[in-house]
Structure formats: C-alpha cells, structure tokens
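Subject: Two-chain model for you to look at

Hello,

Could you have a look when you get a moment?

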Amino acid sequence: MPDAPTAAATLTPPALETRGVNKWFGANHANRDVSLAVPKGTIHGVIGENGAGKSTIMSIVYGYLPADSGEILVDGRPVAVKSPRDALAAGVGMVHQHFMLVDPFTVLENVLLGAEGGVTLAAGMERARAELVRLARDYGLEVDLDRPVGELPVGAQQRVEILKALYRGADILILDEPTGVLTPQETDHLFRILRALREQGKTIVIITHKLREIMELTDNVTVMRRGEVVANVRTAETSKEQLAELMVGRKVLLRVEKAPAQPGPVVLEVSGLTLRDRSGVERVKGVGFSVRAGEIVGIAGVSGNGQSELLEALAGMRPVAGGSVRLRGEELADRPGLFNAKALRGLRVGHVPEDRQKVGLITSFEARENAILGHHDDQAYNGRVLMDRAAVLSRCEAEMEAYDVRPRDARLRAANFSGGNQQKIVLAREIERNPDLLLVGQPTRGVDIGAIEFIHKRLVRLRDEGKAILLVSVELDEIVSLSDRILVMFDGRLMGEVAPNDAALEQIERRLGLMMAGVEAAA
Amino acid sequence: MDEVFLAILLLVDATIRVATPLVLAAFAALYGERAGVVDIGLEGKMLAGAFFAAAVASSTGNPWLGLLAGIAASVALSLVHGFACITHNGNQVVSGMAINILVAGLAPTLAYAWFHQGGQTPLLPSSARLPQVHLPGVEVLSPIPVIGPIYREIFDDANVLIWLTVLVVIATHWVLTRTRFGLRLRAVGESPAAVDTAGISVTKLRYQAVIITGVLTGVAGAYLSTAHGAGFVRDMTAGKGYLALAALIFGKWRPWPTLFACLLFAFTDAVQVRLQGVPLPVVGVIPVQFIQMLPYVLTVLLLAGFVGKAVAPKASGIPYVKER
C-alpha cells in the first residue's frame, strides 16, 4: 500500500520520520525495519495488536529505549536520540501508557521535574504557574496545579502528562494507549484537547489498538504486525474491517454473529442487594435484576460505579449488607455456608474475574496448576495422599487445545503468557466445568483482536447451550454486541434497561453515555 | 532549685551530645532513602568512619585529617553499596549487611595490626581531637539567671561537629523543599520512571544520594571516636546505625520529625546513664542491664505502636530496571 502524504507534507518534510529502525529483545525481533512518516500538523495513528512493536518504536523515538539500528528524523533533520532528554530537546514529548508521575507531588512540581529552570525552585515555579495557566486556557487542559497528583482522577492525571510535554516545548506529542484507563467522557475530553493541539500546528502520534478511536480521530494510520509496518493508509480511505484484517493478518469478525436469545427459566434473581466497602460506604444501593438461562445480561457503566463490587459479591468474594440473591430459586444471601466462593463452585456458578492477573490466576504458578485453581480438591486430581499430576496435566492440555492457548505448554508459568492467552486459560477453567451461571468481568481487557473474537464466540456458544451469563464490562462496544439485555449502572444503582438494537447502536451509545453521566438521575 | 535546674541543663547537654551522631546518621540515611536506596549498612560505615578518623588522627596528630579519612572510608563503602545496588540492581539489604559484617571484623583487625593495642587505637590527646567552640561573653552572661546557665552549659564549648550537625539539619530541610536537587531526589525515591522519562539520569541521582549518605555517616563516625570519645574502641557504634534508621522511620522520612525522633532516643539514653545505680522510689536500684535496655525498648515500642501509618518512599529499596 502506498504512503499517504497530505498536501502539507509534499511541501514540508514530515515532522517525525523513522527509517529502517531495528530492535531486538534477546531473540525477539521487536522492530523490523520500521519506517514511518508523520506529516506536520496531523494526528497519526499507530495501530497493531499487543506485541506488534508499536510501543517499542515510540519508546525508541522518545529515547527511552536504544535502537539497534536505524535513523530518526525530526523536521527532516536526523537527530541522535540517546535519552528522553535528547527527544525533549528535539521537541518530542511522550505520554506513556502508565503515567510517569510522582504521586505525592503537586501538579506543579510534576511539571517542573526536569525543567526546573535553576538551582532553586522559587523562580521556576512562578514561571511555570503562569505558563500552565496559559496552556490550560488555550487547550482546555484544566487541572488544579496545587493538588497532589495521586488524588486526581485518571483523566486529570493524563492532562498533567500532556502539560508536562507541552511545558517542555514539545511540538510532537506521542500518546501510548491513552484511552485505556479513561471513561467515555474523559475520552471525549482528551480528543477535544488533541484536536485543539492539531489546530495550533502540533503533531500528534497516538498508539492504540482500538479501531473506533483511529477512525474517529486520526488523519493517517500506520498498521504494525509482528514488529513490521504492514501498511500506511489515509484514515478517510480505509475502514475498521480493513484495518482489523491488516492488524491480524486475516479476516476478522468485528461484530459478534448471534441468533436471538431463547431465554429459559430464571437462574439468578437479585433484589434489593446492598453492598458496603470496608469503610462502610454503600457501593451498591439496592439493585434488583434477573438473569435467565440462555441469555447474556450485560451491565454497562463507567468503572467505579459498583459493578465490580456487584460481581464480586455474586461470586461469594464480598459480604452482602442486605437484600436477596436467589440461585435457581434458592435463597443464598443469608446462608454464608452456601454463599462463598467454594460452595458456589459446587452450585455450578463460574466466575471469570475482572482482574485476571490478581484474582483469576496465580501468575507465578504454571498453567496446569492455574487450570485447576479452586477445583484442586476434586477427586479427579487427587490420589490418596498426593495429587495426580498426570490428570492435572492432561486436563490442562486438553483445555489449551480446545481454546487455542499459545504457546501450548502446560508447564509454562501463567505470567509468561500474553493477556489474551491468560484470559483463555481462565475462561477454559470456568466454562469447561459446565456452569449454569457464568459471571464474567471485563473478558477482553488488554486482549488482542484475534482473541477477542474467540472469546466472544465462546461466550455466545455457552449462551446457546442454555446457560445464564452475567457480563460486566466498561467497553460499550462489547456490551452492546454481546448482550441480549443491557442494564446500566451508575453510582451503585441500576439506571434502566436498554435493548441492544443493531440499527440504533450509535443512539444507544449516546444514551448510555448520558445515563452514565447521571443526567437521568436528575431527570 | 538551682541544683534541679542545673541537673536538667546537664541532661539536655548530654542529650545533644548523644543525639549528634544519631542525627547525622539518620539524615545520611534520609538522603539515601528519599532517593530510593535503603542503607542498612549505616552501622558499618559509621564504624569505618570512627576507626579511620581515630587512626589517622592518632598517626598524624591532626583531627581534621582524621575527619577527612573517616569521611573517605565511609564514602568508599557507600560507593561499594551503590555499585552493588544501583549499577547492578543488587539487593540493598544484603549489600548493607555485608558492609556491616565486613567492617565489624575489619576495623578491629586493622587496629590490632597497626597499633598493637588489642583492637583499639591509642587514646587520643586533646590536640588530636576535634575542638569545642568557645563562645565569647560567657563570663558576662553567666551571672544572669536562667539565660546565663543555659548559655554556659549548653551553647558554650559545644563540639564543632554539633554545630555542623545543626547546619546539616537546616540545610537538609532547605535542600529537600527548595532546590532542584531536592525535588529530583524526592522524585527518584517515589517514581524513578518519572525521573527517567523527564530526561534525568536515575543512576547519577542515586549515586549523588549515596555519596551524601557516605559523607554524613563518616562525620558521625568521626564524632564518635575523635570528638565525643578519644579513640576507636571495638564495636563503638553499638547499634547507633540501626537506631538512626529507626528514627528515620519514626520520623516518616521527613527532616524535622526525624530530628525529634533522634532527640527522643538520645534523651532516653541520657536518662539511662543518669539512672544507673541510682535508687528509685518504690523499685529501688534497677540492675544496670535493664536500664541500658531503655532506648532499645522504646524503639521497639514506638516502631510497633505509633508509626503504623509510616509510608516509605514508594521506590525505596527497589532497584530501577527499565520496562520495555
């Protein structure tokens, strides 16, 4: 596919260009002859799956990692970038995926770090304060300069990162997966800021794996796969489907194909459920809903509105403060002997936790040990005294085969699998026990497109087998495409139900956004 | 009345003298830990400082050369610690303990080889010890009640290193809060990645911090052997390095509370000396060993009971390795 220069780029050299950059991590060829050009004054997307090398190339441009070979040019001039200091001097700033902030420091101190402007701080502080007020006004980057950064919401922390780069005079701003931690409202805010920056002549590079953001925001896209640039295209001349195919290297189904649900009897019925956190604050305030066999009920909402607590409580991991939880008509809420994680497994309830690394897996354990976590007492894996290691191994190998976990090595530690493969190990463990009710949290967070497709298909198949599924996700796309009914949660309450309607997808998303923002709470 | 007042003044004076090496060592560790380098080798470095200060002062008769030698020895050990922990990402506790064990054996061995006095240095004459600072006007102020005795007993004839320590405390507060170096130092102990991406060398900053640690611990050691004492004695630090670390934690890694913690520990120590062999009401004479336990018992109680919420610098003790 040919390069796609804009009108401006034909007159002036690209703001940022890499030529033939190579990078190895041991035997892993993370960047293979990466050449890309970012025209001045544009928003440029770099897209690819996890491990495609997109973060690596940008870390090299920013001087955070050294390249093994290749050239970096800023405004047509080769620059030697040996450290972030060189990159900053050349006008390149970066907002990392994991924010590089000092939590106890104030916003002002964070911005000042590395650009103090003198041996003592007083003078630089005054100058920075004035400059930041100006930047805030020009680009909508409002933050309280004297608050400790650790107390700010993530959206504001990200604005601090952008301010840091701009204060150092960055003309080229690289953002690595900037929306992963943001709410939809914060994402909109960020995009407004980025467009404002583009209007002022700044050049923006955004690394992401979210196709929707690429389509919405960028002018040009570079697609990477396995360390290589596979395409440079104009956003206006491409489509989500084409980009997905380029990323994965084969055709991908972005929308889940599924028949209408055939709901059966009620499996889970919750009413008036109230949950408190450790400090006694109500996190879930009297919610009620039901899940039938053969349907997927999705709970949408911005994270932190009680969905996580709800899911954990239903999985028996969190005490219930009040209300009723019925499983197949049987009351659980006041029976701690039944309402705990272990007993619920016996009652055929599966749980795919939101955080696979901390809750779903023991990452320092091997895959086969993880494959039987929670079921390790089963007769099938135990002899009279010792565990039956052969049975554990064959079980895990069978699951890995069925779920296409790679590498197919049951003795590999869970930590050494990619996000998608870790998630498949957890899903296999929970689904293959044939649960009547599956509780699923964030099934595809940090998971490649290819694996997302597989996981979605598997969940739909489970539904078609007549199982009840409760899905919690902050990804609206995922909720809308998987769910048969959608419940929206805000501030610990259910705010209403929405039918996922293909034709009205955009409208529903907007409506969800408004509900989440609490507009309907006031109405 | 006057006698009670004088006794109190003497107690305060003793507290200050005992507190000085603790403050120096605690502030030394403060620089290291705020930069993310835990230094459990404080004890060993202080001991090395004490030995080399006394040895050089004894051989040359010049206490200032002794002080420099003490600092040099302590800085050298700091650099070893830095090489292990900063350059090679080694475990900071292991490296620190290695230094402690090394010096505990090496100092008496060298002393034995060089001076043949059973692992000590010779008793230093007062000309080979760091001087006290005689203030003017003592005779004039002396007759004035309250102010006179305070001036005479506490401020006059204080050792030069006590005054230096006062400067260190004030300077540390100023450096940490008001200077570029202080800002970066605090940042690198909380979030080295943030410092790295801001274009500042984490390695260089941390080396600077451990060198300051070395200088101050060296001074603390020299104080023990050439100011407070008159020569090096085996194990003369007697756990002061650990006590200083405890004071730092109790002071939550902040200068003023750390100073307060050091003074508190020193005060119990001064009281402890006064109480030895003195019959107390009700209990009578308490065996010396129990009285001597006081500062350490206090340490355990304070650390266990009162500083539950102490939050260390987040990256303290963790080597900085770049993520890919």
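Below is what I found, starting with confidence and then going through the parts.

This is a predicted model, in which local features need pLDDT of at least 70, side-chain atom pairs count only at pLDDT 80 or more, and totals for chains, interfaces and linings use all residues. Residues are numbered from 1 along each chain as its sequence is written, while chains are lettered from A and ligands numbered from 1 in the order in which they are written.

**Confidence**

The model has an ipTM of 0.89 and a pTM of 0.81. On pLDDT (the predictor's confidence in each residue, from 0 to 100), chain A averages 89, with 93% of the residues scoring at least 70. A contact here is a pair of residues whose C-beta atoms, placed from the backbone, lie within 7 Å. For chain B the mean pLDDT is 91, and 98% of its residues reach 70 or more.

**Where the chains meet**

Chain A brings 24 residues to the contact and chain B brings 17. Helix 3 of chain A gives the most, with 3 residues. Helices (H or I, at least four residues) and strands (E, at least two) are DSSP runs, numbered from the N terminus. By class, this side of chain A has 14 nonpolar, 6 polar and 4 charged residues. In that scheme Ala, Val, Leu, Ile, Met, Phe, Trp, Tyr, Cys and Pro are nonpolar, Asp, Glu, Lys and Arg are charged, and the others, Gly among them, are polar.

**Domains of chain A**

The domain assignment gives domain 1 (7-244) and domain 2 (266-360 + 431-522); the bounds come from an automatic or database domain assignment. The centres of the two domains, taken over C-alpha atoms, are separated by 35 Å. Each domain puts 7 residues into the contact between them. On the domain 1 side, these are 2 nonpolar, 3 polar and 2 charged residues.

**Strands and a sheet in chain A**

Strand 1 (residues 16-25) pairs with strand 2 (residues 28-38) in the antiparallel sense over 7 bridges; strands pair if DSSP finds at least two bridges between them. The two form a hairpin with 2 residues between them, and A:G26 in the turn has a positive phi of about 60°. Strand 1 of chain A also pairs antiparallel with strand 4 (residues 69-74), over 5 bridges, and there A:N22 stands opposite A:S69.

There is also an open sheet of 6 strands in the order 6-7-8-3-9-10, with mixed pairing. Strand 6 (92-95) and strand 10 (228-234) of chain A are at the edges with a single partner strand each, so one side of each is left without a neighbour in the sheet. Neighbouring strands are turned by 20° against each other on average, direction ignored. Helix 6 (residues 154-167) packs on this sheet, touching strand 6 and strand 7, and its direction makes about 170° with that of strand 6. Axes are lines fitted to C-alpha atoms, for helices over the stretch in contact, and angles run from 0 to 180 degrees between N-to-C directions. Strand 7 (residues 172-176) and strand 8 (residues 203-208) of chain A run parallel, joined by 5 bridges, with A:L175 partnered by A:I206.

**Covered elements**

Helix 10 (residues 307-314) of chain A has 8 of its 8 residues buried; buried means 20 or more other C-beta atoms within 10 Å of the residue's own, exposed 12 or fewer, and partly exposed in between, with C-beta atoms placed from the backbone. Just after helix 10, A:G316 takes a positive phi of about 80°.

Strand 19 (residues 485-490) of chain A is mostly covered too, with 5 of its 6 residues buried. Strand 19 pairs parallel with strand 13 (residues 296-300) over 4 bridges, and is joined to the antiparallel strand 20 (residues 493-498) by 5 bridges.

In chain B, B:L67 is found in helix 3 (residues 63-87) and counts as buried because it has 26 C-beta neighbours inside 10 Å.

Best wishes

Technical notes. Two residues are in contact if their C-beta atoms, placed from the backbone, lie within 7 Å.
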